[in-house]
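Here is a short report on a predicted model. It covers domains, a sheet and a ligand shell.

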Amino acid sequence: MIVGILKEIKVLENRVAMTPAGVEVMVHNKHTVLVENNAGVGSGFTNEEYVAAGATIVETPAEVYAKSDMVMHVKEPQPQEYDMIRKDQIVFTYLHLAADEPQTKALMKAGSINIAYETIQKADGSLPLLTPMSEVAGRMATIQGAMHLAMPAGGRGVLLGGVPGVEPATVIVIGGGIVGINAAKMACGLGAKVYMLDTNLDRLRYLSDVMPANCIPVMSSKPKLRELMAEADLVIGAVLIPGAKAPKLITRDMLSVMKKGSVLVDVAIDQGGCFETSKATTHAEPTYEVDGIVHYCVANMPGAYAKTSTLALTNATLPYAVQIANKGWKKACQENKEIALGLNVVHGKVTFEAVAEAFGLDY
Ligand code: NAD
């Protein structure tokens with residue numbers, strides 16, 4: 001199969017869909033890999049490294065689309081690419097179609113086979129191609145929170161881990177899933193006193209088993225949150241109710257019990273945010289203040305650490321890409337249910353229920 005790696009064109013997106021190491025694996029599996037000129041530079045990979053791994057560099061996205069059996073992106077195809085997608089071509093990338101009718105219609109019109117990273121699902125319900133980005137965002141949430149607690153950044157001037165003789169900061173992590181556990185690991189490692197709140201008792205038991213002694217897993221409830229807000233220096237919002245908007249767990253009136261210069265990091269902002277006062281921000285201007293509390297609400301956090309994010313993402317996507325390339329999409333889907341769940345639009349028909357429902361289309 002000919003596999004095409006496109007350069008990301010969405011604003012401030014520096015990741016790339018395959019590393020030179022991934023190219024080597026594809027070539028070893030007897031596939032041809034075309035890489036668009038400078039596709040890897042944002043993540044620190046040069047054309048020369050791709051060529052050394054066995055890829056051929058092509059100049060334009062049009063050429064990648066024209067020559068490839070399967071194209072890979074990180075972000076969804078952009079409108080200027082819609083007409084380049086060919087009938088029967090496999091498009092393997094994040095698509096997020098349920099919130100994007102024009103793209104859904106464009107992919108239907110193209111007649112391509114569209115496999116979305118975000119709907120590939122394991123038997124236990126986990127989403128293996130979303131997990132790596134939650135890991136990055138979780139770890140990053142603590143770093144950003146710690147930085148914004150510094151006075152020049154508008155914070156209250158508290159060092160997360162304290163120092164000998166001075167007590168550490170208190171960090172509240174709401175949601176003990178992938179983002180939450182990664183945020184808490186970093187905060188615990190820095191020496192903070194960390195409360196982790198979740199509504200899932202089994203998850204709290206697990207957290208209690210695996211987390212260090214400076215992490216206190218607690219059942220999440222409004223009164224408990226209100227009580228902890230008064231103590232918090234940093235609050236990280238990391239809840240998810242699959243398929244729904246994030247619940248507003250911290251209301252504006254709760255900010256009044258917090259210490260001025262405390263920091264809220266709302267990682268769940270991509271699902272609407274779990275603080276009433278959250279609004280999406282960008283890396284260019286990541287924070288704003290409400291009632292003396294610093295808010296950090298960047299919707300695309302992993303983009304700031306493109307190299308780590310690229311490596312984490314491609315570690316997860318490559319095994320699926322190899323299966324699709326080796327077997328062809330039909331056999332790969334027949335033999336691996338996880339990949340079949342990634343099919344969103346096939347030969348003009350929506351094949352993913354939530355997408356069809358979103359736009360009243362046949363499914
Ligand atoms: P996850 O499913 O692994 O974890 C979510 C956790 O929230 C679960 O353990 C669940 O029990 C818990 N929860 C649900 N309702 C709760 C409540 N009322 N109180 C406390 N806990 C509650 O999800 P995840 O992968 O950790 O993702 C968390 C959020 O981060 C999602 O909204 C995701 O979209 C977002 N995210 C954002 C970025 C970004 O760049 N901003 C990047 C990655 C993920």
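Into which domains is the chain divided? Domain 1 covers 2-120 + 306-358, and domain 2 covers 131-299. These bounds come from an automatic or database domain assignment. Over C-alpha atoms, the centres of domain 1 and domain 2 are 33 Å apart. Domain 1 gives seven residues to the contact and domain 2 gives six. Contact here means C-beta atoms, placed from the backbone, within 7 Å. The domain 1 side that touches domain 2 holds four nonpolar, three polar and no charged residues.

Two notes on conventions. Residue numbers start from 1 along each chain, as its sequence is written. The model is predicted, so local features need pLDDT of at least 70 and side-chain atom pairs count only at pLDDT 80 or more, while totals for chains, interfaces and linings use all residues.

**The sheet**

Seven strands form an open sheet with mixed pairing, in the order β9-β8-β7-β10-β11-β13-β12. Strands are DSSP runs of E with at least two residues; helices are runs of H or I with at least four; both are numbered from the N terminus. Two strands pair if DSSP finds at least two bridges between them. β9 (215-219) and β12 (287-290) each have a single partner strand, so one side of each lacks a neighbour in the sheet. From one strand to the next, the twist averages 20°.

β8 and β9 pair in the parallel sense over five bridges. Y195 stands opposite I216 in β9.

| Helix | Strands touched | Angle |
|---|---|---|
| α5 | β10 (234-237), β11 (263-266), β12, β13 (293-296) | about 155° with β11 |
| α7 (201-210) | β8, β9 | about 170° with β9 |

Axes are lines fitted to C-alpha atoms, for helices over the stretch in contact; angles run from 0 to 180 degrees between N-to-C directions.

**The ligand shell**

Which residues come nearest to the ligand? Of the 32 residues around the ligand, they are A137, G175, G177, V179 and M301. α5 (131-148), α6 (178-189) and β8 (193-198) are the elements that give two or more residues to this shell. A residue counts as near if its C-beta atom, placed from the backbone, lies within 6 Å. By class, the shell has 19 nonpolar, 10 polar and three charged residues. Nonpolar means Ala, Val, Leu, Ile, Met, Phe, Trp, Tyr, Cys and Pro; charged means Asp, Glu, Lys and Arg; the others, Gly among them, are polar.

Key: Two residues are in contact if their C-beta atoms, placed from the backbone, lie within 7 Å.
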